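Dear colleague,

Please find below the structure that I am handing over to you.

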Amino acid sequence: MAISIEDVEHVAKLARLALSEEEKETYRKQLSDVLEHARIISEVDTSEVPPTSHSLPLSNVFRDDVTRPSLPVEEVTSNAPWASEGAFRVPRIV
Amino acid sequence: MKLETIIGLEIHAELNTRSKMFCGCETAFGGPPNSKTCAVCLGHPGSLPVANREAVGDTILLGLALNCEISPRSIFHRKNYFYPDMPKNFQISQYDVPLTRNGHLEMDVGGKTLRVGITRVHLEEDTGKSIHVGESGRIHGADFSLEDFNRAGIPLAEIVTEPDLRSPEEARAFMQLLRATLEYLGISDCKMEEGSLRCDANISIAVDGQLGTKVEIKNMNSFRALQRALAFEEERQRFAIESGEKLMQETRHWDDASGTTHPLRSKEEAFDYRYFPEPDLVPIEPDPAWVEELRGRLPELPQARLDRFREQYGLAEETAAMLTSEKALADYFENAVETGQDPVELAKWIAGDLVALLKEAVVPVRSCPVGPRGLGELVALVAQKIISGKMAKDVLKEAFQSGRSPAEIVESGGLSQIADSGEMEQVVDEVIADNPAAADDLRAGKEQALKFLMGQVMKKTRGKANPEMASDLIRKKLSG
């Protein structure tokens, strides 16, 4: 299955990536190869196999509704490049 | 051309668990920014979420209350998006296999019973709060934004209805019934002003049975705002259709101050969520015994209680609806009924004066200074003609403010009516002697004069005369 340059541009926009024309073509080819790979796999008859969302044979793992201490507030933003008064600062959104 | 309004709602209710959905941070409202966060709800690398059993149980309970099917197997999905209010850049939500689906809620509105379909009730995590800093104070033109993740990760139940509502009034009535249902179940604080209960709406106009273009409205923070926003949008769309304009499928923002909706920039909703199963959380397969245990916990729900109040106590629909809109209020009423007083009278006092006093003082009914027994006492005093209905209003107010019992207030304050016929006769004689013209008028059959004389009697007794007794006495003295 082939991907168009427009598809690459759409995905790049969602991922906030600025791509050059050459890069667009490179990724167009690579992404098309990935989808082609998936297409080949999809030829296997899986009509009798339930879809796998999880690889572990586990369900119902819960925790009790009990509170635990949160991080000290001065530590929360200690790794943030930009913060003020305990809040994370982010550049203008729109 | 026949136009029909079609409305569906999407409601988010924060669940009132003690800890967050996937970590142990506490959920209480407020506090300094990011004081209730940890590696899990901040999305630090290597941290792993574990689902809160209580939140799953609450959602199943809600599903049962809304007559939904409980999915035998349900999974979480990641909903990916670019917006800084989730540190992980995705929200853990549910997609194609929600915990519960295919339900309905029946409600009485405008004299008919309406059955509103419930598409699904699923469980997700709430997002953080953004404060946009800059001259505008809004997202547009902000210099930067501040992110507080105290709310991020609080369990959130999402309820989606079928497009079964036909007017803004029906939408509001549904929302009120749903709020009451959540409150009866005790699983959410339901505070629209604090954002623990939120509502978005989809509205379109069908033309001659042909479905129209759907518009989503956001930012309605009260029942009134919901109804106003839908009424505005209904009018806007009908006008566009009637003048041959084309409507756009879009998301619009309700502005409560101007009373209008306006489109959000398409940039803000260029979403492609790329849902995929959350690999860090295992599927939920509710044990049937657990579901039955939850079913056993279902209380009598608002509509059922409303119907019972009408039948058992003979209340009018409006009064019954008012009393059952809040569980604590309905409980108050039924406790008051146990005092043996007339349920209709008790309901009248609660729905009228008492609710007004509570509202004015911003006191929840649970902490009402006049308890159900106190109210029963008040109604008994009126029934025994010890005080008039008018005086009872003052006694109730005094009891509400001082916390003293109505009987005590009547005793000590000398508020008891003058029901002694000798004392009353003396007052009436004096009033007639002082106002001979009015007395003549009444003798001549002018009913207006009775009102005037009654006023004089009340003035002389400072409102303590039993009105029935006084007017009987005046008539007796002046007839023939």
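**The interface of chain A and chain B**

Between them, chain A and chain B bury about 3600 Å², and 61% of this area lies on carbon and sulfur atoms. Please keep in mind that the model is a predicted one. The size of an interface is often expressed in this way, as the accessible area lost when the parts come together.

On the side of chain A, A:Phe62, A:Arg63 and A:Asp65 supply 21% of the area that chain A buries against chain B, more than any other three residues. In terms of contacts, 34 residues of chain A meet 54 residues of chain B.

Polar contacts are also present: the rule finds 19 residue pairs in polar contact across the interface of chain A and chain B, both residues being at pLDDT 80 or more. Which elements of chain A give two or more residues to the side that touches chain B? They are α1 (5–14), β1 (62–63), α3 (73–76) and β3 (87–91) of chain A. Of these, β3(A) gives the most, with five residues. Sorted by class, the side of chain A that touches chain B has 16 nonpolar, nine polar and nine charged residues.

**A salt bridge and a strand pairing between the chains**

How many salt bridges does the rule find across the interface of chain A and chain B? It finds one. The partners are B:Arg53 and A:Asp64, whose closest N and O atoms are 3.2 Å apart. The side chains of A:Asp64 and B:Arg53 are also in polar contact, at 3.2 Å.

A:Asp64 lies in the loop between β1 and α3 of chain A. A:Asp64 and A:Asn79 are 15 residues apart in sequence, and their C-alpha atoms are 30 Å apart in space.

The two chains are also linked through strands. β1(A) is joined by two bridges to strand β2 (residues 51–52) of chain B, and the two strands run parallel. Within this pairing, A:Phe62 has B:Ala51 in β2(B) as its bridge partner. A:Phe62 is also one of the three residues named above for their share of the area that chain A buries against chain B.

**The domains of chain B**

The domain assignment divides chain B into domain 1 (3–293), domain 2 (300–412) and domain 3 (421–478). The centres of domain 1 and domain 2 of chain B, taken over C-alpha atoms, are separated by 36 Å. Their contact takes 11 residues from domain 1 of chain B and 14 residues from domain 2 of chain B.

About 950 Å² is buried between domain 1 and domain 2 of chain B, with carbon and sulfur atoms giving 53% of it. B:Asp108, B:Glu183 and B:Tyr184 supply 64% of the area that domain 1 of chain B buries against domain 2 of chain B, more than any other three residues.

The count of salt bridges between domain 1 and domain 2 of chain B is zero, whereas three residue pairs are in polar contact across this interface, both residues being at pLDDT 80 or more. On the side of domain 1 of chain B that touches domain 2 of chain B, β6 (100–109) and α2 (168–185) of chain B each supply at least two residues. α2(B) gives the most to this side, with seven residues. By class, this side of domain 1 of chain B has six nonpolar, one polar and four charged residues.

Strands of a sheet pair through backbone hydrogen bonds, in either a parallel or an antiparallel sense.

One open sheet of chain B has nine strands in the order β3-β6-β7-β10-β1-β11-β12-β13-β14, with mixed pairing. Its edge strands are β3 (69–70) and β14 (260–263) of chain B, each of which pairs on one side only. β3(B) and β6(B) run antiparallel and are joined by two bridges. There, B:Glu69 has B:Arg101 in β6(B) as its bridge partner.

Another open sheet of chain B has three strands in the order β5-β4-β15, and its pairing is antiparallel. Why is one side of β5 (90–93) and of β15 (276–277) of chain B left without a neighbour in the sheet? Both strands stand at the edges and each has a single partner strand, so one side of each has no neighbour there. Strand β4 (residues 77–80) of chain B pairs with β15(B) in the antiparallel sense over two bridges, and B:Arg78 stands opposite B:Phe276 in β15(B).

Yours sincerely,

A colleague

Terms used. Residues numbered from 1 in each chain as written. Chains lettered and ligands numbered in written order. Predicted model: local features only at pLDDT ≥ 70, side-chain atom pairs only at ≥ 80, totals over all residues. Heavy atoms only, no water. Contact = heavy atoms within 4.5 Å. Buried area = accessible area lost by both parts, 1.4 Å probe. Salt bridge = Lys/Arg side-chain N within 4 Å of Asp/Glu carboxyl O. Polar contact = N/O pair within 3.5 Å; in protein donor to acceptor, adjacent residues only side chain to side chain. Helix = DSSP H or I, 4+ residues; strand = E, 2+ residues; numbered from the N terminus. Nonpolar A, V, L, I, M, F, W, Y, C, P; charged D, E, K, R; others polar. Pairing = 2+ DSSP bridges. Domains from an automatic or database assignment.
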